[in-house]
Amino acid sequence: MQIRFTKMQGAGNDFVVLDETRARLGLTAAQYRYLANRHFGVGADQILTVRPAPSEGVDFEYVIHNADGGEVEQCGNGARCFARYVHDKGLTGKRVIRVQTLSGVIAPELHADGRVTVDMGRPELEPAKVPFDIRGLAPEALGTTQKWPLALDGSASAATVWIAPVSMGNPHAVQLVDDVEQAPVAAWGPLIEKHTRFPQRVNAGFMQIVNRGEIRLRVYERGAGETLACGTGACAAVVAGIGWGLLDARVHVHTHGGLLTIEWAGGAGDSVRMTGPAEFVFEGQIEIPETL
């Protein structure tokens with residue numbers, strides 16, 4: 001099975017982009033895993049698929065599969081690459097594009113300098129809607145919100161961390177650390193991702209505050225492991241920091257892959273806006289086994 005693909009990256013978060021605007025490829029979870037595999041396939045954190053608009057009022061459908069083959073609701077860095085792809089491939093002439101995702105409609109905006117701003121929608125802070133199971137837990141007030149205790153299991157990593165559960169269309173657990181480079185991301189990330197209090201699993205964010213307008217961030221992503229950048233993770237971290245009273249409304253987020261800028265006015269009805277790069281890497285054709 002031969003398919004065409006485009007490799008893209010946004011702040012080091014890398015993607016394989018597939019065009020299904022003419023016909024569905026009908027890939028299985030195993031075939032998505034094959035594409036994402038860095039030894040046998042192309043290699044990517046996520047696979048992004050472009051599909052025709054499913055209804056009036058939107059321009060495209062945007063489908064995301066993680067490296068483990070599972071479909072997920074949202075990917076912020078991917079949304080920027082999606083917008084750059086459909087514009088540069090001539091699939092649309094618009095510079096503001098309305099895109100249907102599994103979690104709702106987003107509206108990426110392309111800028112002349114090559115960056116893309118995405119209206120990521122309103123964050124969800126109610127634990128049940130993240131979803132996060134708070135039964136038996138006692139939160140501590142911080143700023144206008146709370147932080148919640150999360151007990152981690154594991155013989156070498158037993159600890160209780162304090163998190164902010166946030167949904168940006170996908171679930172996040174954000175914690176503060178003193179030094180993000182020394183944070184136990186590899187040890188704690190998998191324990192948080194698969195914690196039983198997150199029934200849909202969760203993206204684990206480790207945030208170091210530099211000042212009120214600047215943070216450093218690492219994210220252990222659900223279904224992908226630690227990535228060089230996570231757009232929704234950057235949004236969730238800034239939302240948590242603003243809610244805790246530690247950050248201003250516009251924050252530069254330093255990731256291992258590059259710089260993202262997140263803006264949020266802080267109100268329950270306010271959308272989060274994310275601006276960052278979206279770049280082509282290469283294009284090609286790959287043969288995928290019919291059965292895996």
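Reader: What volume does the largest pocket have?

Author: The general idea comes before the value. On a 1 Å grid over the protein atoms alone, a pocket is an open set of points with protein on both sides within 12 Å along at least five of seven lines, while a cavity is a set of points where a 1.4 Å probe fits but cannot get out. Grid points are joined across faces, edges and corners, and a volume is the space filled by probe spheres set on the points. Here the largest pocket has a volume of about 160 Å³. This is a predicted model, where local features need pLDDT of at least 70 and side-chain atom pairs count only at pLDDT 80 or more, while totals for chains, interfaces and linings use all residues. Residues are numbered from 1 along each chain as its sequence is written, and side-chain values use heavy atoms, leaving out hydrogens and water.

Reader: Which residues of the lining lie nearest the centre of the largest pocket?

Author: Lining residues have an atom within 4 Å of a point. The largest pocket has 13 of them, and Ser103, Met120, Gly121, Arg122 and Gly169 lie nearest its centre. Strand β7 (residues 104-110) gives the most to this lining, three residues; strands (E, at least two residues) and helices (H or I, at least four) are DSSP runs, numbered from the N terminus. By class, the lining of the largest pocket has five nonpolar, six polar and two charged residues. In this scheme Ala, Val, Leu, Ile, Met, Phe, Trp, Tyr, Cys and Pro are nonpolar, Asp, Glu, Lys and Arg are charged, and the others, Gly among them, are polar.

Reader: How many residues does the largest nonpolar core have?

Author: A nonpolar core is a set of buried Ala, Val, Leu, Ile, Met, Phe, Trp, Tyr and Cys residues joined through side-chain atoms within 4.5 Å. Buried means under 20% relative accessible area, exposed over 50%, and partly exposed in between (1.4 Å probe, protein chains only). The largest core has 52 residues, and Tyr62, Met207, Ile215, Val253, Ile262 and Val272 have the most contacts inside it. Helix α4 (residues 231-243) supplies the largest share, eight residues. Apart from this core lies another, of 19 residues, including Phe132 and Trp188.

Reader: Is α4 enclosed or open, and what span should its 13 residues have?

Author: The expected span of a helix is 1.5 Å times one less than its number of residues. For α4 that gives 18 Å, and the end C-alpha atoms are 18 Å apart, which agrees. After α4 comes Gly245, with a positive phi near 80°.

Reader: Is Ala229 buried or exposed?

Author: Ala229 is buried, with a relative accessible area of 3%, and lies in the loop between β15 (225-227) and α4. Contact means heavy atoms within 4.5 Å. Leaving out residues up to four places away in sequence, Ala229 touches Gly10, Ala11, Asn13, Asn77, Glu221 and Thr255.
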